[in-house]
Amino acid sequence: MSRPEGQARFDRVVMDVGEPLWEALETELVGYGEIQPQAGLFGDGAGRCVLWFDEGVPVSVRHTGTGRSGSEALADIAETGPYRVRLVETADVETVQHGEIPPAAPAERVVGDADLADRTREAADDPEPAEPDAELDAVEAFLADDEKIEAIQKRAAMEARKRAEEWGFDVDEE
């Protein structure tokens, strides 16, 4: 998926994507954000989400690894941080076909920040929160992805073993 060249406005590793979403909203970003979740940072080639903004408001999203778009693409990054996030300002906004999302969806479904969701809806002139069924779509898509769940469980087990060893506990390998 090629993206237009632009000026990077934010490029760092964060524990959650709330900070860059606020940044995009406050600066009224026209462009896109590349969000690479923890799994991609550790080299598993999981891909990244490309989230398009129009005047700071998220308008569409597509995941480069899974090819999914919309709510399903948001589910692909709904895990714990850290995330590598890069916000890029461009001349215009491209929307991914069938990747449109409700403006507050990333704030609600990925970050869980009600204030950010409300401010995003205000900026988008969209006073209505998403329907509850739409919120469940992202959760259901995430929970239906057995590989993602298994990868999270493996990472958690590895981290637990590492910490147990650091603290001097005996660790049984399974």
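# Sheet, core and confidence

Trainee: Which strands does H1 lie across?

Mentor: H1 lies across E1, E3 and E5, and runs at about 160° to E1. Axes are lines fitted to C-alpha atoms, for helices over the stretch in contact, and angles run from 0 to 180 degrees between N-to-C directions. Contact means heavy atoms within 4.5 Å. Helices (H or I, at least four residues) and strands (E, at least two) are DSSP runs, numbered from the N terminus.

Trainee: What kind of model is this?

Mentor: A predicted one, where local features need pLDDT of at least 70, side-chain atom pairs count only at pLDDT 80 or more, and totals for chains, interfaces and linings use all residues. Residues are numbered from 1 along each chain as its sequence is written, and side-chain values use heavy atoms, with hydrogens and water left out.

Trainee: Where is confidence lowest in the protein chain?

Mentor: In helix H6 (residues 132-144), with a mean pLDDT of 58, whereas H1 is highest at 95. pLDDT is the predictor's confidence in each residue, from 0 to 100. The chain mean is 80, and 77% of the residues reach 70 or more.

Trainee: How many helices and strands are there?

Mentor: The protein chain has 7 helices and 5 strands. From the N terminus the elements run β-α-β-α-β-β-α-β-α-α-α-α.

Trainee: What is the strand order in the sheet?

Mentor: E1-E5-E2-E3-E4, an open sheet of 5 strands with antiparallel pairing. Two strands pair if DSSP finds at least two bridges between them. E1 and strand E4 (57-63) stand at the edges with a single partner strand each, so one side of each has no neighbour in the sheet. On average, neighbouring strands are turned by 15° against each other, direction ignored.

Trainee: How many bridges join E2 to E5?

Mentor: There are 6 between E2 and E5.

Trainee: Which residues are the bridge partners of glutamate 34?

Mentor: Arginine 86 in E5 and valine 50 in E3. Elsewhere in the sheet, phenylalanine 10 stands opposite leucine 87 in E5, and isoleucine 35 stands opposite cysteine 49 in E3.

Trainee: Which residue takes a positive phi in the hairpin of E3 and E4?

Mentor: Glutamate 55, with phi near 55°; the hairpin has 2 residues between the strands. Aspartate 54 has valine 57 in E4 as its bridge partner.

Trainee: Changing topic. Which residues have the most contacts inside the largest nonpolar core?

Mentor: Ile35, Tyr83 and Val85, in a core of 25 residues. At least two core residues come from each of strand E1 (7-14), helix H1 (18-26), strand E3 (49-54), helix H3 (71-75), strand E5 (83-89), helix H4 (105-111) and helix H5 (114-123). A nonpolar core is a set of buried Ala, Val, Leu, Ile, Met, Phe, Trp, Tyr and Cys residues joined through side-chain atoms within 4.5 Å. Buried means under 20% relative accessible area, exposed over 50%, and partly exposed in between (1.4 Å probe, protein chains only).

Trainee: What does valine 85 touch?

Mentor: Leaving out residues up to four places away in sequence, valine 85 touches Phe10, Asp11, Arg12, Val14, Val17, Pro20, Glu34 and Ile35.

Trainee: Is E3 mostly covered or mostly open?

Mentor: Mostly covered, with 5 of its 6 residues buried. Across the 174 residues of the protein chain, buried residues make up 40%.

Trainee: How many aromatic pairs are there?

Mentor: The count is 1. Rings of Phe, Tyr and Trp (its six-membered ring) pair if their centres lie within 6.5 Å; planes under 30 degrees apart count as stacked, over 60 as edge-to-face and the rest as tilted. The rings of tyrosine 32 and tryptophan 52 have centres 5.0 Å apart and planes at 55°, so this pair is tilted. Tyrosine 32 is in strand E2 (residues 31-36) and tryptophan 52 in E3, so the pair ties together parts 20 residues apart in sequence. Both residues are buried.

Trainee: Is isoleucine 77 buried or exposed?

Mentor: Buried, with a relative accessible area of 2%. Isoleucine 77 lies in the loop between H3 and E5.
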